[in-house]
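Reader: I am new to reading protein models. Could you take me through this one step by step?

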Amino acid sequence: MADESQIELKTAPADFRFPTTNQTRHCFTRYIEFHRCLAAKGEESNECERFAKYYRSLCPGEWVEKWNEQRENGTFPGPL
């Protein structure tokens with residue numbers, strides 16, 4: 001019998017701040033928004049999950065790993 005469950009793939013919604021096809025700034029901004037939300041609302045809050053979905057759909061995994069390392073080391077270049 002075939003598995004009838006479907007996987008729904010989504011990406012971040014269009015954002016007027018990023019009108020071009022290069023989504024690098026969009027990715028970086030969503031990553032920052034997620035971590036700012038966590039700082040404001042706390043790790044247990046589910047309110048930040050949408051930002052996590054956005055940056056995870058936009059950003060290459062290698063970038064996220066590097067940024068996570070930089071945050072842990074206190075060398076992250078963004079305004080958190």
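Reader: Which cysteine does a disulfide join to Cys 27?
Author: This is a predicted model, where local features need pLDDT of at least 70, side-chain atom pairs count only at pLDDT 80 or more, and totals for chains, interfaces and linings use all residues. Residues are numbered from 1 along each chain as its sequence is written, and side-chain values use heavy atoms, with hydrogens and water left out. A disulfide here is a pair of cysteine sulfur atoms within 2.5 Å. At 2.0 Å from S to S, the partner of Cys 27 is Cys 59.

Reader: What is the hand of the disulfide of Cys 27 and Cys 59?
Author: Look at the torsion about the S-S bond of Cys 27 and Cys 59. The torsion is about 120°, so this disulfide is right-handed.

Reader: How many residues apart in sequence are the parts that Cys 27 and Cys 59 tie together?
Author: Helices (H or I, at least four residues) and strands (E, at least two) are DSSP runs, numbered from the N terminus. Cys 27 lies in helix α1, residues 24–41. Cys 59 lies in the loop between α2 (49–58) and α3. The pair therefore ties together parts whose separation in sequence is 32 residues.

Reader: Are Cys 27 and Cys 59 buried or exposed?
Author: Buried means under 20% relative accessible area, exposed over 50%, and partly exposed in between (1.4 Å probe, protein chains only). By that rule, both Cys 27 and Cys 59 are buried.

Reader: Which hand does the link of Cys 37 and Cys 48 have?
Author: A disulfide joins Cys 37 to Cys 48, with 2.0 Å from S to S. The angle about the S-S bond is -85°, and the link of Cys 37 and Cys 48 is left-handed.

Reader: Where do Cys 37 and Cys 48 lie, and how many residues apart in sequence are the parts they tie together?
Author: Cys 37 is in helix α1. Cys 48 is in the loop between α1 and α2. The pair therefore ties together parts that are, in sequence, apart by 11 residues.

Reader: What is the pairing of the bonded cysteines, numbered in sequence order?
Author: The count comes to two disulfides. Number the bonded cysteines of the chain in sequence order, and the pairing is 1-4, 2-3.

Reader: What pattern does the chain follow along the sequence?
Author: The chain has three helices and zero strands. Read along the sequence, the pattern is α-α-α.

Reader: How is α1 oriented relative to α2?
Author: Axes are lines fitted to C-alpha atoms, for helices over the stretch in contact, and angles run from 0 to 180 degrees between N-to-C directions. The angle between α1 and α2 is about 150°, with axes 8 Å apart. Angles under 35 degrees count as roughly parallel, over 145 as roughly antiparallel, 65 to 115 as roughly perpendicular and the rest as oblique. That makes α1, relative to α2, roughly antiparallel.

Reader: How many charged residues are in the contact of α1 with α2?
Author: Contact means heavy atoms within 4.5 Å. Ala, Val, Leu, Ile, Met, Phe, Trp, Tyr, Cys and Pro count as nonpolar, Asp, Glu, Lys and Arg as charged, and the others, Gly among them, as polar. The contact of α1 with α2 has nine nonpolar residues and one polar, and the charged ones number two.

Reader: How are α1 and α3 oriented to each other?
Author: α1 and α3 pack at an angle of about 45°, with their axes 12 Å apart. The two helices, α1 and α3, are therefore oblique.

Reader: Which residues of α3 does α1 meet?
Author: From α1 come Thr 24, Cys 27, Phe 28, Tyr 31 and His 35. By class, the residues of the contact of α1 with α3 divide into six nonpolar, three polar and one charged.

Reader: Why does Gln 70 count as buried?
Author: Gln 70 has its place in helix α3. Gln 70 counts as buried because its relative accessibility is 17%.

Reader: Which residues does Leu 80 touch, not counting residues up to four places away in sequence?
Author: Leu 80 lies in the segment after α3. Leu 80 and His 35 are 45 residues apart in sequence, yet 6.9 Å apart in space, C-alpha to C-alpha. With residues up to four places away not counted, Leu 80 touches Ile 32, His 35, Arg 36 and Arg 71.
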